[in-house]
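Thanks for letting me look over this one. Could you keep the model open while you go through my comments?

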Amino acid sequence: MATDSWALAVDEQEAAVKSMSSLQIKEEKVKPDTNGVIKTSTTAEKTDEEEKEDRAAQSLLNKLIRSNLVDNTNQVEVLQRDPNSPLYSVKSFEELRLKPQLLQGVYAMGFNRPSKIQENALPMMLAEPPQNLIAQSQSGTGKTAAFVLAMLSRVEPADRYPQCLCLSPTYELALQTGKVIEQMGKFHPELKLAYAVRGNKLERGQKISEQIVIGTPGTVLDWCSKLRFIDPKRIKVFVLDEADVMIATQGHQDQSIRIQRMLPRNCQMLLFSATFEDSVWKFAQKVVPDPNIIKLKREEETLDTIKQYYVLCNNRDEKFQALCNLYGAITIAQAMIFCHTRKTASWLAAELSKEGHQVALLSGEMMVEQRAAVIERFREGKEKVLVTTNVCARGIDVEQVSVVINFDLPVDKDGNPDNETYLHRIGRTGRFGKRGLAVNMVDSKHSMNILNRIQEHFNKKIERLDTDDLDEIEKIAN
Ligand SMILES: Nc1ncnc2c1ncn2[C@@H]1O[C@H](COP(=O)(O)OP(=O)(O)OP(=O)(O)O)[C@@H](O)[C@H]1O
C-alpha cells in the first residue's frame, strides 16, 4: 500500500514535470510570426498552441528523415466533382505527357513510377481545363512530389511573373518544398523560385519576376495585398500544403482564405493534408471550390504478431533494474524505449550509459535537425537502443524496430490510456508484419489499471514477465 501511494506520488510528480518542461520548450522556441518576423515566445502559452508547434516540427522531422515512399496497400478513394467524367489513372510518368525537361527531372529524382496517390491525383491535376483537388494521405505517400509536378507543368518559364503560389505552414516546411521544386525543375534553368517567408525583405514597389512563390500565409498575404509584390490575378495554380498543420496555427486559416479570395476564378486550387479531421475538411471546402477528392487511408496497424508482456515493479529503480536484466535480450534487435517525460528519458539514457550500454537519446530539447540526425543514426543501425519521450516520438515511423519498451505507459493529458499511441508504437502494418516484442513496465496500482484498460481495449492478453527468471527472458528473445 505504502509503495503504491509512493509510486503514485512519483507519477504525479512526473506529470507535473511534464507540464513544466513543455512550458520550457515553449520559452526556448524561436518562431516566425505570421508576418515573417522572428520573435521568441516568452510567455507560457496554451497547450493547444504547443500542440500546433509539435505538428509542424513533426512534419518537418518526417520530411528530414524520409528517403522514400511509405508503402500502403489500401485502395485510393476518389470522389469526382463530375461523377460522369471518366476516371483516369496512370501507371507511368510517360502517360502524363509531361514536358521533356520535367520528365527528365522526375527520373533524375529516382522516381520510376507514380506512387499510389499520384496514379490518380496526377491525371486530375494535369487535366484540361484545370480541376481543383483536395487530397488526403499520410506523410510520405508522394503528395509534395505530385503538386510540385503539377505546378512545374503549368508554369510558363518565359513569363517573368508569379504564376504558381504555394502556402506552407512554416518557413522550414516551405524550404523543404522549395528543395523539391528545385530538384524536379532542375532541367528548366529559366524557372525561378521566390520564398515569401520571414526576413525575406524586398524593396517597396518592386514586382517579383520568379514564376513560383512559396511561403507562409502571413507573408504571402502581405506580398499579394499591402506590398503588391505579387499580382494575385495572374496566379494559375494555388497550392495549400499541410492543411492540417496550417489550421492549427492561429491566423493561418483566415490569411489563407483571404489570399484565396484574391485569386482569379479559373485558378487551379489544390489542397493537401495528412489527416482529415472535421476542421480540416471545413477549411478545405472554404478554400477549394468544386473539388475532386482523393483519400488514401493509413495502413491499419495490428497487435497480432506482437508478443506483449508486462513487468511488475515497485518503483523507477526497479523498472531500471528490470530493463538491465532484459537488456541482452532486447538488443538482439533494435529497441525503442519510451518514457513519459524528458526528465525520465534523460535520466534513463544516462543510467544505461553508466552501465556501459550504448544508447541514443531523442528529446524535445533538441532542434528538429538534431533529432533528425539521431533518428538517422539509429536507422542506420549505429545505435541499437533509442530512448525517447512519448511526445517526441509521436508520428515517427522507425520501421525496423522490433522491440518496444514502455518504460512508462502512454497516457493522454487526462491520465487515461492513450490506446492510439500504444498501437502506433507497438503495432505493425501488413507490410512490416514481422514479429515484434513489447514490454510494459508497471510500477503502481494506477499504471496496472492503465495496462488493464489497454488490454481490454485491444482484447489482447498482455502476459506477465519475471525479469529475474533467465529462462523466461531467453524465451521472449526467441
Ligand atoms: N513516384 C515516386 N517514386 C519514388 N519516390 C517518390 C515518388 N514520389 C515521391 N517519392 C519520394 O517519397 C518520399 C515522400 O514523398 P513526398 O514528400 O512527396 O510525400 P508527402 O506525402 O508529401 O509527405 P510529406 O508531407 O511528409 O512530405 C520523398 O522522399 C519523395 O522524394
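My notes follow as numbered points, from the overall layout down to single residues.

1. Overall layout. Please keep in mind that this is a predicted model. The protein holds 17 helices and 17 strands, and 54% of its 478 residues are buried. If we take the contacts between residues at least 6 apart in sequence, 77% of them join residues at least 24 apart.

2. Domains. The domain assignment gives domain 1 as 51-296 and domain 2 as 306-477.

3. The eight-stranded sheet. Which order do the strands take here? The order is E3-E10-E4-E9-E8-E5-E7-E6, in an open sheet with mixed pairing. Strand E3 (76-79) and strand E6 (193-196) are the edge strands, each pairing on one side only. From one strand to the next, the twist averages 15°.

4. Strand E5 (residues 164-167) and strand E7 (residues 212-215) run parallel and are joined by four bridges. For a handy landmark, look for cysteine 166, which stands opposite isoleucine 214 in E7.

5. Helix H9 (residues 252-262) lies across E5, strand E8 (237-240) and strand E9 (268-273), and runs at about 170° to E8. Helix H10 (residues 278-287) also packs on the sheet, where it touches strand E4 (132-137), E8, E9 and strand E10 (291-296). The direction of H10 makes about 170° with that of E9.

6. The seven-stranded sheet. This open sheet has parallel pairing and the order E13-E14-E12-E15-E16-E11-E17. Its edge strands, each pairing on one side only, are strand E13 (359-362) and strand E17 (463-464). Strand E15 (residues 403-406) and strand E16 (residues 436-442) run parallel, with four bridges between them, and isoleucine 405 stands opposite valine 439 in E16.

7. Helix H12 (residues 342-354) lies across strand E12 (335-339), E13 and strand E14 (385-389), and runs at about 160° to E14.

8. The H15 and H16 pair. How do these two helices pack? Helix H15 (residues 419-426) and helix H16 (residues 445-458) meet at an angle of about 75°, with axes 10 Å apart, so H15 is roughly perpendicular to H16. On the H15 side the contact is made by Asn419, Tyr422 and Leu423, and on the H16 side by Ile454, His457 and Phe458. These contact residues divide into four nonpolar, two polar and no charged.

9. Burial around this pair. H15 is mostly covered, with six of its eight residues buried: Asn419, Thr421, Tyr422, Leu423, Arg425 and Ile426. In helix H16 you will find serine 447. Serine 447 counts as buried because its relative accessibility is 9%, below the 20% cut-off. Apart from its neighbours within four places in sequence, serine 447 is in contact with Leu409 and Val442.

10. Lysine 307. This residue lies in strand E11 (residues 306-312). Is lysine 307 buried or partly exposed? At 22% relative accessibility, lysine 307 counts as partly exposed. Lysine 307 and lysine 460 are 153 residues apart in sequence, while their C-alpha atoms are 10.0 Å apart in space.

11. Backbone points to check. Most residues other than glycine have a negative phi, and most peptide bonds are trans. A cis peptide bond joins glutamate 128 and proline 129, with omega about -10°; proline 129 sits in the loop between helix H4 (116-126) and E4.

12. Two positive phi values. Arginine 228 is not a glycine, yet its phi is positive, at about 55°. Arginine 228 belongs to the loop between helix H7 (217-224) and E8 and is exposed, with a relative accessible area of 57%. Asparagine 459, likewise not a glycine, has a positive phi of about 50°. Asparagine 459 is placed in the loop between H16 and E17, and at 67% relative accessibility it counts as exposed.

Notes
Residues numbered from 1 in each chain as written. Predicted model: local features only at pLDDT ≥ 70, side-chain atom pairs only at ≥ 80, totals over all residues. Heavy atoms only, no water. Buried < 20%, exposed > 50% of the residue type's maximum accessible area, 1.4 Å probe, protein only. Domains from an automatic or database assignment. Axes fitted to C-alpha atoms, helices over the stretch in contact; angles between N-to-C directions. Parallel < 35°, antiparallel > 145°, perpendicular 65-115°, else oblique. Contact = heavy atoms within 4.5 Å. Nonpolar A, V, L, I, M, F, W, Y, C, P; charged D, E, K, R; others polar. Pairing = 2+ DSSP bridges.
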